[in-house]
Amino acid sequence: MSPPAIIAPSILSADFGALGKACSDTIHHGASWLHIDIMDGHFVPNMTFGAPVVTKIRPHVQRPSAACGKGTFDCHMMIAEPKKWVKDFQKAGCDLYCFHYEAAITSTAAENPADHSDSKTSPKEMIRYVHEQKMLAGIAIKPDTPVDVLWDILDNPDTKEVPDMVLVMTVHPGFGGQKFMASELPKVKALRQRYPELNIEVDGGLSEATIDEAAEAGANVIVAGSAVFGAKDPADVISKLRKAVETRRQS
């Protein structure tokens with residue numbers, strides 16, 4: 001059977017003036033993970049926050065007791081140089097470091113923000129490096145990226161270079177509140193058919209109105225921002241998102 005439902009509200013839609021409380025409240029409302037959008041103004045045209053903010057909110061949410069457990073900080077790294085920031089985010093309290101495939105094939109192998117390197121990294125090298133830093137590794141693809149670029153990565157016999165999660169963007173990354181792109185769901189379906197036990201995340205435009213399509217395609221990790229943080233009853237929304245996935249889990 002496909003993995004259980006994981007609801008990961010995006011704190012990009014939370015109240016930044018009381019972010020720690022918003023994070024702890026959201027977990028109390030039934031969220032599994034917190035999705036933390038990191039944007040550098042280069043890979044995407046927007047900027048959000050960095051490792052110091054993750055450090056500050058980490059004490060408000062208990063660390064997961066097991067891999068992928070409740071309280072996981074799912075850091076979505078929309079940044080041009082993902083390898084440079086792995087250590088900083090590990091120290092800050094990140095549990096799952098999800099970088100973009102598109103960044104990994106063009107960025108350097110430098111391991112610290114101040115470093116420079118003429119060598120290039122790769123998606124497989126990135127996954128291995130994240131695992132070496134004792135974090136889970138995720139790999140994300142934009143809407144313009146075909147899903148088959150991931151087959152060689154996911155079929156790798158070396159498990160240290162295989163991601164723990166794949167994120168399929170259902171909007172163009174960079175801004176919250178965009179319209180859900182159902183055109184990306186065939187990617188989710190193809191992933192679920194090939195990798196029944198894989199955690200497959202969807203991010204962008206997810207709400208009660210779009211969850212059924214995503215769940216039917218096989219997504220089990222659901223990122224929702226304004227749908228949760230803007231709701232009168234966030235716990236009810238989280239419950240409905242979870243039920244939609246659980247009732248469609250594939251055997």
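The model is predicted; local features need pLDDT of at least 70, side-chain atom pairs count only at pLDDT 80 or more, and totals for chains, interfaces and linings use all residues. Residues are numbered from 1 along each chain as its sequence is written, and side-chain values use heavy atoms, without hydrogens and water.

**Backbone**

- Cysteine 68 has a phi near 70 degrees, a positive value in a residue other than glycine.
- Cysteine 68 sits in the loop between α2 (51–57) and β3 (72–78). Helices are DSSP runs of H or I with at least four residues, strands are E runs of at least two, and both are numbered from the N terminus.
- Cysteine 68 counts as partly exposed because its relative accessibility is 25%. Buried means under 20% relative accessible area, exposed over 50%, and partly exposed in between (1.4 Å probe, protein chains only).
- Lysine 134 is also not glycine, and its phi is positive, near 65 degrees.
- Lysine 134 lies in the loop between α5 (123–132) and β5 (136–141).
- At 74% relative accessibility, lysine 134 counts as exposed.

**Cavity**

- The count is one cavity of 30 Å³ or more. A cavity is a set of points on a 1 Å grid over the protein atoms alone where a 1.4 Å probe fits but cannot get out; lining residues have an atom within 4 Å of a point.
- The largest cavity has a volume of about 50 Å³. Volume is the space filled by probe spheres set on the points, which are joined across faces, edges and corners.
- Eleven residues line the largest cavity; Ser2, Gly218, Ala219, Arg248 and Arg249 lie nearest its centre.
- That lining has four nonpolar, four polar and three charged residues. Ala, Val, Leu, Ile, Met, Phe, Trp, Tyr, Cys and Pro count as nonpolar, Asp, Glu, Lys and Arg as charged, and the others, Gly among them, as polar.

Note on methods
1 Å grid on protein atoms, 1.4 Å probe; cavity = no way out; pocket = protein on both sides within 12 Å on 5 of 7 lines; lining within 4 Å.
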